Amino acid sequence: MRELDGRPVAKAMRQEVAAGVRALVRDRGVRPCLAAVLVGSDPGSEVYVAGKQRDCERVGITSRLVRLPEDCTRERLVQTLEELSADREVHGILVQQPLPRQLDAAEASALVDPRKDVDGLTPLQAGRLLRGEPGFVPCTPLGVMEILRFYEIPVAGRHAVVVGRSTLVGRPVALLLLHANATVTICHSRTADLPAMTRQADILVAATGRPGLIRPEMVRRGAAVIDVGITRTDDGLVGDVDPAVAEAAELTPVPGGVGPMTRALLLRNTLEAARAWSSSA
Ligand code: NDP
């Protein structure tokens, strides 16, 4: 069945962002700037941050990388985030995860100025999402919704099943689907009969990090399946969904599905932060 390829969606979004950046520079003299805080030298994080910097460059967003040592103290991280929050040249801030053991990721995210919280992880932005008010939403859940929109998959009145309930992906995507008037079921590792739940889905979102968890017999024929999972294996990156699901359902590929969308939405959120800043300055 139709593949729900994220790459053309992300490409269109990058083009839109690039045009928005050009207009902001021309009309207001403001060039959006994204600052990434990288603590330590986790190889995966290095790759992600380098990718985000390249993405910024492609659309005309300035990127700044603040490196902190592996043994960074809480005080040093707090100070860095306060400085970036106060820096008038910086419009978006992200704290690359995972953080070393001695640091608390939830606390670090909460220290970012909510106006610069382009990852949507501060309590204020999470609260806005809960209430259905405008604000920054985490990029991956937004990416899921943009794929549904691009491929004209109706959401209102349909049954969406989300597998995974993390603060970063499962919960916010469930809220976005709810705000879009889906009937939403959230499943997790303690769900008693997962296949019975997933088989009811018109829209199935898998966000667990368990390769192959969703097998063909767990999916209703013709459903739209969004595979958020990314697991590194010897055979490359794999998702949560068995690729054989694509025979009877519409499926996002891994890689090339939600991943590119997450990256493009970080750029869009940064542009929005810069726009909001320039109109309030
Ligand atoms: P977490 O580990 O924080 O959450 C995983 C969720 O999956 C938990 O809610 C857990 O349930 C649930 N789960 C685990 N095993 C099962 C199971 N057997 N049956 C049902 N539910 C299960 O991960 P994240 O939400 O941060 O990420 C999920 C996946 O998405 C990962 O592979 C990650 O790499 C990927 N990801 C991809 C992104 C992208 O850009 N494409 C961006 C962000 C993440 P419980 O709460 O009960 O433990």
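Three strands make up an open sheet, ordered E2-E1-E3, with parallel pairing. The model is predicted, so local features need pLDDT of at least 70 and side-chain atom pairs count only at pLDDT 80 or more, while totals for chains, interfaces and linings use all residues. Residues are numbered from 1 along each chain as its sequence is written, and side-chain values use heavy atoms, leaving out hydrogens and water.

**The sheet**

- Strand E2 (62-68) and strand E3 (92-95) are the edge strands, each pairing on one side only.
- From one strand to the next, the twist averages 20°.
- Strand E1 (residues 33-39) pairs with E2 in the parallel sense over seven bridges; two strands pair if DSSP finds at least two bridges between them.
- Ala35 stands opposite Arg64 in E2.
- Strands (E, at least two residues) and helices (H or I, at least four) are DSSP runs, numbered from the N terminus.

**The nonpolar cores**

- A nonpolar core is a set of buried (under 20% relative accessible area, 1.4 Å probe, protein chains only) Ala, Val, Leu, Ile, Met, Phe, Trp, Tyr and Cys residues joined through side-chain atoms within 4.5 Å.
- The largest nonpolar core has 54 residues, of which Val17, Ile61, Leu148, Leu177, Val205 and Ile226 touch the most other members.
- Helix H9 (residues 258-280) gives the most to this core, nine residues.
- This core lies between domain 1 (29-116) and domain 2 (139-260), because both give residues to it; the domain bounds come from an automatic or database domain assignment.
- Apart from this core lies another, of 17 residues, including Leu77, Val90, Ile93 and Val95.

Key. Buried < 20%, exposed > 50% of the residue type's maximum accessible area, 1.4 Å probe, protein only. Axes fitted to C-alpha atoms, helices over the stretch in contact; angles between N-to-C directions.
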